Structure formats: structure tokens, C-alpha cells
Amino acid sequence: MTTKLFGEPIPRREDPRLVAGAGRYLDDIDEPGQLAAAFVRSPHAHASIVDIDVTGALEVDGLVAVYTYEDLAGPLAQPLPLLIPHPSLRAARTPYPLAKDRVRHVGEAVAMVVATDRYLAEDAAQRIRVTYQPLPPVVGLDAASKAGHLVHEDVPDNVSAHLVQEVGDAAAAIAAAPHRLHLELHIERSASMPMEGRGVHARWDETDRSLRVYSSTQTSTSLRFALAAKLDLPVDRVEVVTPDVGGGFGVKIVHPWPEEVLVPWAAIRLRRPVKWAEDRREHFISSAHERGQQHSVDVGFDDDGRLLGLSVKFLHDNGAYTPYGIIVPQVTSTQLPGPYRLGAYRVEFHSLYTNTVQVTPYRGAGRPHGVFVMERTMDAIAAALGLDRTVVRERNFIQPEQMPYDQGLIFQDGRPLVYDSGDYPAALRLAKKLVGWDEFTAVREQARAQGRRVGIGIACYVEGTGVGPYEGAYVRVETTGKVVVATGLTTQGQGHETVFAQIAADQLGVPVENVNVVTGDTRRFAFAVGTFASRAAVMSGNAVAAAAGKVRAKALRIAGEALEVDPADLSIVDGVVSVKGTPQAAIPLASVAVLANPLRYAFDEQAKQATQFAVGGGIHRPPVAEDDEPGLAATGYYSPVRSTFANGVHAAVVETDPETAEIRILRYCVVHDCGRLINPRIVQGQVHGGVAQGVGGALYERIVYDEHGQLLNASYMDFLIPYASEVPAIEIDHLQTPSPLNPLGIKGAGEAGVIPGAAVLAAAIEDAEGIPVHRMPICPSELWELRNADHR
């Protein structure tokens, strides 16, 4: 008998295939006659291109083609698209597929080489001689804001965007407040570093003039439209398939990358398949980074620690280009208030160009910065008043009965930022209990008696999830009784094959083993948006439920006609439609699928049931009604009125070595509320992965440029990523406050683990050391320097 599957922690169905090495990733795709691409990239952060001499490359046997900007024409010779325009993005700039006359960061593509294999392509690329005229580079927010030199000669202040949002009169509220504080807070640049880099494979079929592209992307359908536009092809002649993807974390939502248009373009010109797979250094210097921001905070509060006014000004480093608009700083500015009633709030940011790799979303996408600012501010208020840090938070929480709560801001989806549901006081109570907050004073004193330094931190957050505009799904019951589910968004390890199967199986009353899920293939589903911003479960999950609900209704109608009963008297259990209370009056769902498709020709014994002399049904109505379609299948879409908002609390206990300043995490606790849980096991995995990246961002990972714009740590020898030994055991508890905005009552969970990492660990380190921590990430040498600094 089919059991209820929604909410069950069933194992991930995709894991046996992936763990056994049966996955198929971009670089696994090979076919006869395939060529390989490599790129010549700028060694300079800022320079004019004087000359490109390719004669040396022509001596390499196996060279097929060399392309520079001069070979591009039409839409391909124009800059790549600005994906998300915004009124405040006053000076948007995007790169050309190949640099036209100037390079603006180390790693920018200057030429593409195509050869019979990658080794020869790289050899030929090394023989190309590019003459540059170096220009003064702009590196770092201080240099960018001074505008002594310019990244783009037509942007005189290096400012790409300037945005202000204000609720109430923050300046007046702060000025009139009994207590005021000023803080300077910094988050340094980092990068997502998926295990698999970017990559693209393209094949052109000259006979039917169609293009098939395989890409390690987070948005196959949007990439399809972008390629059609850039390559001047009809959309229906372009197919994009996303194979197994070894991680994305935001960097692969950007599209089209220069390589994603150039490789298909070369395949069309050369009439042969072409492939390019990014190496690790290329990922460091030519993909995208994130995080770097500087915040100036002024806050006013009363004697009880209640917020009266908050004003935040910050600078955002967007690198050399803005292909993804200002999503990252916009999310920072709107998610910064978190679960609190701020009184009056004013936020202003300038997004600045620098001669560094472009900045686009990385897991968390602006939220870690905002949470760091808000939670450091709450801790500072508590310290100023001598109050428990959790008490200050409790006094400022939005209460459950105040939901939905309008923060008075415009979110990244262009819609009002309105929290749909949540119980923030309950989440804090659970977190305090889980970590032992009230008992920690004794723990700290005992450690001090032993000569040890331990500290505890806590951080709260609210995460906007499930942003629109829509997602869709197609569900079909085969004549075997198996179910096919197709949705357009892509998968990078989130467990979509499992959770979407659970939703469909629940709706259709079939075993989950009978459901096959396909994602990221425009041949199967053509219209979608993509996988980002913790939206897959909310968007595609509800779309799958909608499509499966339509299929269920049709199955009950057809079965009712076959069994001559009212469809309302039927149920579907274990793939069989039966009369409630009379289980012997039944018909398999497989047979219903046969009857749903009236046939003229019989191909097997099952098909005979659907031919014209078997079906009957009267001669005065058509075999397929005007408002019906053949087959037991349906398409459903879900489009939300606005985003849902998940929330949570993280708490951490750390120990800092008195002599070496080494930082060790002793405990890490998470309370998370993402509405109804489809699969608790998968949510737990998402939290674990997010916490690992949060730990990396707080203690290890940073991108370091020198004053010349050279990336100093473009390898895993120098860019530190935590090993499993550095990631603590994670203790998790869940709240479930359903969202009223979607039928399934769910919210996103993909980024929750990473968002408060820097904030909670900064708080714990500060508690252990007794000195303020205002910049993250922090390493032992920096902590040692803080110990010896003057904190007056």
C-alpha cells in the first residue's frame, strides 16, 4: 500500500548512480570528430590591446582555428547581455565575448583557439603573442571610490549603481535616541569554487540546421534563449541540455558566459563538435567572485535595547562588469533587517567598478553580508547596555501574530518585501536550548580556570526564497504505470530527483520508485527560469504538484467512466484506482493511461483496449473532447505573487588558543524554518553543506589581489577551503511554519546553512577573546594582531 511520501526522509534516489561513478558530467561528453577549445587570457588587470600576433600558433600541427574579436560579427560582436536591468544601475557594463580593444581584469578572454585536442589547443594558445599597453589598475573599494583612475573611461566615478531605500526618518530617530553606536564592518571577497568548473560542448547539425549545446549551467532554458539571440538562430533550432553538474553555488547562473557563446559559434562555423572545460586557474581568474563589501553603520536604541533607527551605508565591489545587475548589494540592503522591527531604516549603497573579476551571486547572494552587519550591531547594543545578547534580540523580534509583516522595502524580485510567516521567538528558544546558552556561563568559567578561552555566539536571519517569475512541470503516466516528471530548472546536487518524485508520487498514489524525474533538458521542458535563490522546491515543487493534480483528476474521471462510478468515490493507492470501500472494483493506473489515448492501431495487448471498437463511449461525441487532450499527462505552472521567507538561528561555541590564536569550533547548532519539509534528510544535507561553506567563508576562504590587480592565491595551495576535519558536527532542529503563499506551504532551504556563518563565528570569537571582531574572514594571524591592537 502506498504510504504518504511528503515529509518522509527517504534516501536520495540519485546517489547510488553518482556515488558509483555512473554520473555523466560535461567533460565526460565525447564524440567522433570532436574539437577542443582553449583561450588566451589577459595577464594584465587593465591594459589596451595593441596587437595580437597569431603566427606562432599556426605552426602547431592539429590547429584548426584561431579567433579574436575581429572575427566576430552581428549580435556576437556586441557586449554580452545585462541579465537583470535595474533603474539604479546607471552605468551598466558587460564584457565582449572576446576583448575588443581593452582588457579590464586578469583572465579576460582575448582569443580562442580550436584544435584537434585540448593539449594542442593550449600549446597553440601559448604561442599567440599579444602586445598590451598597461593602464593604471583600480583595485579595492578605497581606490575605486577615490576614482583617481577609471575602470571604464566613460564611468567617471567608477560607480555602476547607487540605490537608497528608507522607511521613516532614520537620521532623526538616531539623533533623538538615548543611545547611539557607530560601527565599521567589512566582509572580504571570496568565491564559490564548485568541484566542477564551467564547461560547454556544442554540436551543429547542418542537415536540419539545429544546435545542441551541453552546458554545466544553472539555467538551461534561459541559456537557450540567450544563444538563439546571440547566434541569430530560431529558438526552436536550439537545444540546451544540462548533464550532471558538480556544483554551482551561483556562479553558473550567469549566462551566457563568453565561452558559452563562442564554443557553439565555432561548432557552427567549423561544422564539427567543439568542447571546452574550465581548468581551476581559469575558474579563479575568469569566472566570478562575491562577498566584498564595506559597511558604515549608525544605530539608535533605547535603555532596553529596542531599535529606534538604523542607517547603513555600504560600498559593494562589483568587479569589472555587471552582467547580473545589482542583485547582490540589493539583497544585502533588503535582507539586512532580518527578523527585527527596526523603527526607522535607511540603507544606501554604491556599487563600484574595480579591475578584478566580476562579482555575481554566490550561495547566500548578499545575505551573509547583511546578516553580519545586523547581528554584529545587535551584539554591540547588548555589550553597550550590559544585556544578554539573546534578550536584545527577543525585544526586537517581529512577533508571529504580526505576520504578514511588511518591511516597507522593495526586494530583488521588484515586489514588496513582506514576510509571509515565521515564529522568530520560538526559533531562538529552540537554539538556546540546543546549544545550552543559559548554562554557558559556567562552561566559560570552568574553561578559564583551565587556562582555556571559549566563547559562544548566536545569529538570526531571514532568507527570501522562491523568487519568481515562474517554473513549470510536465507529468505523464505511461501505459506501463510508470510516471515521467520533467521540469526546466537544473540540478547541481540538491536532490531534485527525489523530492519532485515524492511530490508526484503523493499526488498520484504511486510508489516513488515508479517516478522518473528529468531536469535541465530543453527537449523535455522548454520554459523555465533556473536554479538559484533557494527557489527550486518552492517553484518547481508547486508546479509538479499542480501538474500531477491535473493528471490525478483526469485519471479519476476516466476510471469513473470505465467503472461507471462517480470520480469522487474513487481513490488511487499503489498505482491502482479503486472504489472507496469496494477495492475489488478497480482498474490499474496503467490501464487508465491506455484509455486516455484513443487509438486506431494496436501495437500490443494493452493498446487493444484503446482502439475504436474497444473503447465505445457513444457515437455522438468525439473520442477526444474539445477541452481534452490525448494521453494521461498535464503541464502545470506556479507563479508566486511574491517571495516566501525562511528563517533560522545559528549558535556556535569556539575555542581560541591563547598562544597560537588558532580557532577551533567546538559546537555548531542550527534551528531552521523552511515551512513544510518535503524530505527532512535532504534539508539536513543542504544545511550541512551550507554550514561548511559558511565556516570556510568565516575562517579560511578569501580572494586576495595585490595593488596591480594580480590574484595572489589562484590555486588550492593558497586559497584555503576547509577539510572535513575543519567542519564541525552540526546539530539541527527544525520549525515548520507553513507559507500561506503556495499550496504546498514550503519555503526554500538551499542557502540557509551559509548565511549566518560569519556573524555567528565572529560573535563566538569576540566572546572568547573579549575584543571586537568587525572584519571577516578571520585567521589566526589576524586574531593575534587584534589581541595586540589598541581597542580604545
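Me: I'm looking at Phe645 in this predicted model; is Phe645 buried or exposed?

Reply: Phe645 is buried, as its relative accessible area is 1%. To place Phe645 in the fold, look at strand S26, which covers residues 644-656.

Me: Which residues is Phe645 in contact with, once neighbours within four places in sequence are left aside?

Reply: The list includes Gln335, Phe411, Leu417, Val418, Tyr419, Asp420, Ser421 and Lys747. There is also a pairing across the sequence: Phe645 and Gly748 lie 103 residues apart along the chain, yet their C-alpha atoms are 7.9 Å apart in space.

Me: Happy to move on to cores. What is the general idea, and how many residues does the largest nonpolar core have here?

Reply: In soluble globular proteins, nonpolar side chains tend to be buried together. Here the largest nonpolar core has 106 residues, and Leu310, Val312 and Tyr419 are among those with the most contacts inside it. A second, separate core of 49 residues includes Val483, Val485, Val510 and Val592.

Me: And how do I read a pair of helices, say H13 and H14?

Reply: Two packed helices are described by the angle between their axes and the distance between the axes. For H13 (residues 496-508) and H14 (residues 536-563), the axes come within 8 Å and cross at roughly 30°. Angles under 35 degrees count as roughly parallel, so H13 and H14 are roughly parallel to each other. The crossing of H13 past H14 is right-handed.

Me: What kinds of residues make up the contact of H13 with H14?

Reply: Ten are nonpolar, five polar and one charged.

Key
Residues are numbered from 1 along each chain as its sequence is written. This is a predicted model: local features need pLDDT of at least 70, side-chain atom pairs count only at pLDDT 80 or more; totals for chains, interfaces and linings use all residues. Side-chain values use heavy atoms; hydrogens and water are left out. A nonpolar core is a set of buried Ala, Val, Leu, Ile, Met, Phe, Trp, Tyr and Cys residues joined through side-chain atoms within 4.5 Å. Buried means under 20% relative accessible area, exposed over 50%, partly exposed in between (1.4 Å probe, protein chains only). Axes are lines fitted to C-alpha atoms, for helices over the stretch in contact, and angles run from 0 to 180 degrees between N-to-C directions. Helices (H or I, at least four residues) and strands (E, at least two) are DSSP runs, numbered from the N terminus. Angles under 35 degrees count as roughly parallel, over 145 as roughly antiparallel, 65 to 115 as roughly perpendicular and the rest as oblique. A crossing is left-handed if the near helix is turned anticlockwise from the far one by less than a right angle, and right-handed if clockwise. Ala, Val, Leu, Ile, Met, Phe, Trp, Tyr, Cys and Pro count as nonpolar, Asp, Glu, Lys and Arg as charged, and the others, Gly among them, as polar. Contact means heavy atoms within 4.5 Å.
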